[in-house]
Each structure stands twice: as structure tokens, then as C-alpha cells.
Amino acid sequence: MSDKLSVLIIGCGRVSEKHIKAISKLKDKYTLAGLCDNNEEAAHRIIKGAGLKDVKVFTDYKAAIDELSPDVTAVTVPSGLHYAIASYAMEHGSHILLEKPMAMSSSQSREIHELAKKYGRKIAMGHIYRYLPVVGLLQEDIAKGIYGRVTHGTICVRWGHDNDYYDSAAWRGTWKADGGALMNQTIHAIDLLIWLMGSEPCEAKAMIARRLRSIEAEDLGFAVLKLENGALANIEGATCTDPARHMANFSIFCEKASLSIGLNSGKPKLDLRLNGGKKLNNKYLRRQLKEYGLSYTIATALNPHLGIYKNLAESISTGKEPLADSYAGYSSVDTLMGIYKSAKTGEAVALPLTEDFASVDMADYEL
Ligand SMILES: NC(=O)c1ccc[n+]([C@@H]2O[C@H](COP(=O)([O-])OP(=O)(O)OC[C@H]3O[C@@H](n4cnc5c(N)ncnc54)[C@H](O)[C@@H]3O)[C@@H](O)[C@H]2O)c1
């Protein structure tokens with residue numbers, strides 16, 4: 001019997017290509033057993049594009065899981081289908097690599113998290129930013145208290161998409177299957193901000209708008225979170241910005257340092273400073289190379305899914321939870337639902353939610 005983990009990928013669209021590239025770089029750990037897409041051509045396109053061999057193709061996810069019994073099921077379908085497919089795969093013996101957002105409501109995401117515990121499965125969330133090596137080093141140091149108390153944090157995600165992007169698939173920008181700029185494009189950043197700040201959100205206040213795109217959900221959203229440790233977090237998420245200049249910036253302010261990291265049109269930006277101005281950039285870049293090596297650092301920067309697959313294989317063999325685990329998936333969706341609920345009601349919303357809220361509950365809100 002092979003000691004490699006067999007993988008079934010369900011959903012052969014844009015993001016599945018990153019999964020295929022990651023698996024092909026981790027041949028010692030994984031073997032791709034099957035691809036499933038209800039549009040069979042999509043699976044064959046991937047097979048041809050990546051030059052794959054001996055990969056079975058399915059159009060029905062239940063049949064694929066039943067026949068292959070994969071060690072890992074990668075769920076890369078539209079977000080509105082994550083809950084049904086991830087639940088079925090876990091019930092049938094599989095660990096999961098689940099794309100973000102985990103599900104479309106607070107109760108569904110809590111249920112997925114609880115199912116993982118019940119069946120003893122690992123879920124690695126597609127929260128890519130946690131897997132950048134420098135980010136992991138910063139998280140460790142902030143958590144150790146090296147920079148003193150965290151006072152506040154801010155994220156700005158201007159990930160412009162035009163109407164052609166939204167028109168490229170019927171599920172994009174809908175309340176039922178996607179959500180808007182906050183739920184789709186900003187959720188990894190919200191997850192990262194909360195992880196770096198080291199405390200769970202306890203209150204959300206938000207406003208959203210649809211400024212330019214022809215979609216149901218928001219193309220612009222602002223939110224403020226209060227965390228249990230008293231820190232405040234400020235969130236801007238937009239897809240109504242220039243599609244040619246994507247940017248995501250994170251700043252965490254502590255008693256003794258300000259730590260900013262970001263991506264501007266594909267270029268990484270780092271501004272890590274002690275109070276008074278002393279730069280810490282080189283210290284972290286040297287540590288990153290020493291602990292992770294040059295080739296892994298470059299490969300994960302180009303494709304963070306490589307880090308997710310590597311970490312999931314370690315997690316399955318050691319029993320340790322993945323870096324972005326089922327709790328991270330649940331908590332970020334719960335926070336998102338609190339943000340949407342606050343935008344809808346105009347009131348502050350306590351977190352975690354005690355009553356279910358689903359993105360589809362936004363359908364009767366006039367944007
Ligand atoms: N982590 C990341 O960086 C990242 C990036 C992009 C997208 N995503 C997430 O990945 C998911 C997919 O996004 P995408 O951009 O690849 O979408 P996509 O529309 O390009 O691809 C989705 C694929 O799923 C297939 N599909 C639909 N229903 C199916 C079913 N019932 N069974 C099997 N296949 C089915 C479609 O035919 C399509 O080929 C979304 O949840 C999205 O939020 C994550």
C-alpha cells in the first residue's frame with residue numbers, strides 16, 4: 001500500500017490550478033487520484049493543461065468520494081456548495097482542504113467544525129496568508145509578547161474586479177453562493193488580522209455598499225471589530241477599485257512596535273519597526289531564510305497553497321491541528337456574518353453569534 005496521501009479535487013475552476021501545482025511539487029507526500037466537476041470538460045482541461053496521467057474523472061461528487069475513498073478531499077467548488085460536500089466527505093472518511101469561506105452561514109460553519117471533531121478529521125482552510133513564512137514568525141513573536149500589548153490593527157484589501165469577472169460564473173457576487181468583497185476577497189485578511197492580534201472578536205459594527213459592480217452583494221465594506229483583549233480592528237474590503245492594481249495591507253500596532261506587511265500589484269511590502277524607527281525587516285527576512293530555506297520561501301510566496309498542503313500532510317501524520325484549522329474557518333465566517341448583520345440592522349452585533357445568520361439573510365437588504 002502507498003504511504004502517500006491520495007487526493008480528490010472537487011471543482012476544477014480557477015483555484016484548482018493552484019492545488020494541482022502544489023500537489024505536483026509534493027510528489028513524495030501526495031498522489032492525485034481524481035478530479036470531479038459537474039462540467040466534465042473542466043476536469044479534462046485541467047488534465048490536459050497540467051499533463052496529468054492516471055487521474056480518474058467524475059461528474060458526481062458522491063460517486064467520486066464513494067469510489068476513491070480519498071485520504072484528502074479538496075473542496076474547490078463555489079462557496080455555497082462547501083457545506084454539503086465537506087460534510088459528505090468527512091462522513092465518508094476523508095480529511096479536507098476546504099477553500100474559503102468555510103460556508104455561507106454561522107451555523108453551517110459551526111457544524112462543519114463540530115463534524116471534524118466528531119469524526120477526527122483534519123480541515124485545512126484555504127486561508128492562504130497564514131502560510132507565508134514571515135507572517136508565521138511575526139505571529140509567534142507577537143504571541144510571545146515581545147512587542148508588548150497589541151493596541152489595534154487595520155487591514156485594507158482593494159482587490160478590484162470588474163463586471164467581466166463577476167459575469168464569468170453565475171455564482172459570483174450572489175448572496176446565496178458567494179457574498180461580496182468582504183466575504184470572498186477579504187475573509188483571508190480578516191482571519192489573518194485576528195490571528196496576528198491574538199484575540200477573538202466580541203463585537204462588530206459595519207457598513208456596506210454596492211458602488212460600481214452589477215452584483216447582488218457588496219463591492220465595498222467597512223467594519224470595526226472589538227476583540228476580547230480590548231484591541232480594535234479596522235477593516236476595509238473593496239472590489240470596486242482598479243482591477244489592474246490589487247493590494248492588501250495589514251498593520252498591527254503594539255506597545256513597542258508597528259508591523260506592516262502587504263502586497264501591492266504582486267510586490268511584497270514589509271515595514272516592521274520598533275518604536276523610535278529602528279527597522280526589523282532584515283532580521284525577519286534572515287530568520288525566514290534560516291528557518292524555511294530560500295526555495296520554500298519563494299515557492300510559498302508564489303503559491304501559498306503549497307504551504308497548506310505541506311502543513312496538512314504534517315497535521316495528518318502528527319495529529320496536530322493545521323495552521324488554519326476548522327476553528328479558524330468557523331470563526332472567520334461567524335465574524336463575517338456578524339459584520340453583515342450589523343450592516344443590515346445598523347446596530348453593533350455581539351460575537352460569537354448566538355443565533356444563526358446566513359449571507360442569504362442579506363437578500364432583502366437594500367444596498
Ligand atoms: N484561497 C484562495 O486563494 C482562493 C482563490 C480563489 C477562489 N477561492 C475559493 O475557491 C472556490 C472556487 O473558486 P473558483 O474561483 O475556482 O471558482 P470557479 O467558478 O472558477 O470554479 C468552480 C468549479 O466548480 C465546479 N462545480 C460547480 N458545482 C459543482 C458540483 N456540484 N460538483 C462538482 N463541481 C462543481 C464548476 O463547474 C467550476 O469548474 C470558492 O469558494 C472561492 O471563494 C479561494
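Buried means under 20% relative accessible area. The model used here is predicted.

**Exercise 1. Work out which residues cover the two faces of β5.**

Step 1. Start with a general point: side chains in a regular strand alternate between the two faces of the sheet.
Step 2. Sort the residues. His95 and Leu97 lie on one side of β5, Ile96 and Leu98 on the other.
Step 3. Check burial. These four residues are all buried, so both faces are covered.

**Exercise 2. Find the strands that pair with β5, and in what sense.**

Step 1. Take β4, residues 72-75. Its pairing with β5 is parallel, over 4 bridges. Ala74 stands opposite Leu97.
Step 2. Take β6. Its pairing with β5 is also parallel, over 3 bridges. Ile96 has Ile123 of β6 as its bridge partner.
Step 3. β4, α4 and β5 form a right-handed β-α-β unit. β5, α5 and β6 form a right-handed one too.

**Exercise 3. Describe helix α5 and what its buried residues pack against.**

Step 1. Helix α5 runs over residues 106-119 and spans 20 Å, close to the 20 Å expected.
Step 2. List its buried residues: Ser106, Ser109, Ile112, His113, Leu115 and Ala116.
Step 3. They pack against α4, β5, β6 and α13.
Step 4. Look just past the helix. Gly120 has a positive phi of about 65°.

Note on methods. Residues numbered from 1 in each chain as written. Predicted model: local features only at pLDDT ≥ 70, side-chain atom pairs only at ≥ 80, totals over all residues. Heavy atoms only, no water. Expected span 1.5 Å × (residues − 1). Buried < 20%, exposed > 50% of the residue type's maximum accessible area, 1.4 Å probe, protein only. Contact = heavy atoms within 4.5 Å. Pairing = 2+ DSSP bridges. Right-handed = clockwise from strand over helix to strand, strands pointing away.
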